[in-house]
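Work through the following exercises with the sequence and the model side by side, and try each task before reading its solution.

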Amino acid sequence: MNSLLVTCEHAGHAVPAGVDLGLSDEVLRSQASWDHGALDVANAVAARFGREVFAGEFSRLFVDLNRPSDHPDVIPEWCYGAHVPTNATLSAQARRQRLDAVHAPHWRRVRAAIELEIGSGQRVVQLASHSFCTLLDPSNRRFDVGLLFDPSREGELALVDELEAACLAHGLSTRRNEPYTGIGPGVTSSMRVAFSAYQYVGVTIETSHAVTMREGGCTHVASALAVGLAQFGIRTA
């Protein structure tokens, strides 16, 4: 049996009260700070299956939840061309406090949820919802949905086959392991190390801003993903 876990690491662009990253509101609302529409896709998919969404609360410029805690860019000094002045001078103690307060709880929740389902005899399917800006590479980002996965894991390849077929049936163009590689540093990559291919399947969805910014676009993507997940054996609510 397969059990669905939906996450959204770059869900919002807020920063904690009292924190000044030295950035303009324009930067905080840009791709450098969050993934537009990713939470809308995640919420719509999760609702189809009666699941909650494990979502980040703050901007990735404060703490990037899609990087391991020891990654140099987990508290980035630069992100998509945006310089974060206060992060460049952050003390080791302040850095640790951010990670303990924001990063560690999210990763603990995700891992605990996976362990709980595995303990009940389920294989966990994690769908991590993200989005990408077409303006960063217009000539190569002419597709609607990117499906990021590890091709060496048969379960992930099988899930991507289903998701891709469902997207195409919904009129959505797809690319595999674009605009980013599916095996780079991130939550799904780390969980693959922690859990076997028999226990865990992790796929990251990258939805184009050309879709998320279109009326009904996020719902349309979620509908396609829900069909693919159902074909893979995830039961609807």
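**Exercise 1.** Determine the handedness with which α2 and α8 cross, and then describe their packing.

*Solution.* The crossing of α2 and α8 is right-handed, a crossing being right-handed if the near helix is turned clockwise from the far one by less than a right angle, and left-handed if anticlockwise. This is a predicted model, in which local features need pLDDT of at least 70 and side-chain atom pairs count only at pLDDT 80 or more, while totals for chains, interfaces and linings use all residues. Residues are numbered from 1 along each chain as its sequence is written, and side-chain values use heavy atoms, with hydrogens and water left out.

Next, take the geometry: helix α2 (residues 38-49) packs against α8 at an angle of about 40°, and their axes are 8 Å apart. Helices (H or I, at least four residues) and strands (E, at least two) are DSSP runs numbered from the N terminus, and axes are lines fitted to C-alpha atoms, for helices over the stretch in contact, with angles from 0 to 180 degrees between N-to-C directions. α2 and α8 are therefore oblique to each other, since angles under 35 degrees count as roughly parallel, over 145 as roughly antiparallel, 65 to 115 as roughly perpendicular and the rest as oblique.

Finally, look at the contact (heavy atoms within 4.5 Å): D40, V41, A44, V45, R48 and F49 in α2 meet C218, V221, A222, S223, L225, A226, L229 and A230 in α8. These residues divide into eleven nonpolar, one polar and two charged, where Ala, Val, Leu, Ile, Met, Phe, Trp, Tyr, Cys and Pro count as nonpolar, Asp, Glu, Lys and Arg as charged, and the others, Gly among them, as polar.

**Exercise 2.** Describe how α5 and α8 cross, and which residues make the contact.

*Solution.* The axes of helix α5 (residues 154-169) and helix α8 (residues 217-231) come within 8 Å and cross at roughly 140°. α5 and α8 are therefore oblique to each other, and α5 passes α8 in a right-handed crossing. On the α5 side the contact is made by L159, E162, L163, A166 and C167, and on the α8 side by A224, L225, V227, G228, L229 and Q231. Sorted by class, the residues of this contact are eight nonpolar, two polar and one charged.

**Exercise 3.** Describe the packing of α4 and α6.

*Solution.* Helix α4 (residues 92-119) and α6 pack at an angle of about 45°, and their axes lie 12 Å apart. α4 and α6 are therefore oblique to each other, and their crossing is right-handed. W107, V110, R111 and I114 of α4 make the contact with V187, S190, M191 and A194 of α6. Six of the contact residues are nonpolar, one is polar and one is charged.

**Exercise 4.** Find the backbone features of P179 and Y80, and place each residue in its loop.

*Solution.* Begin with P179, which is found in the loop between β7 (174-176) and α6; the peptide bond from E178 to P179 is cis, with omega near 5°. Then turn to Y80, in the loop between β3 and β4 (82-83), where Y80 has a positive phi of about 50° although it is not a glycine.
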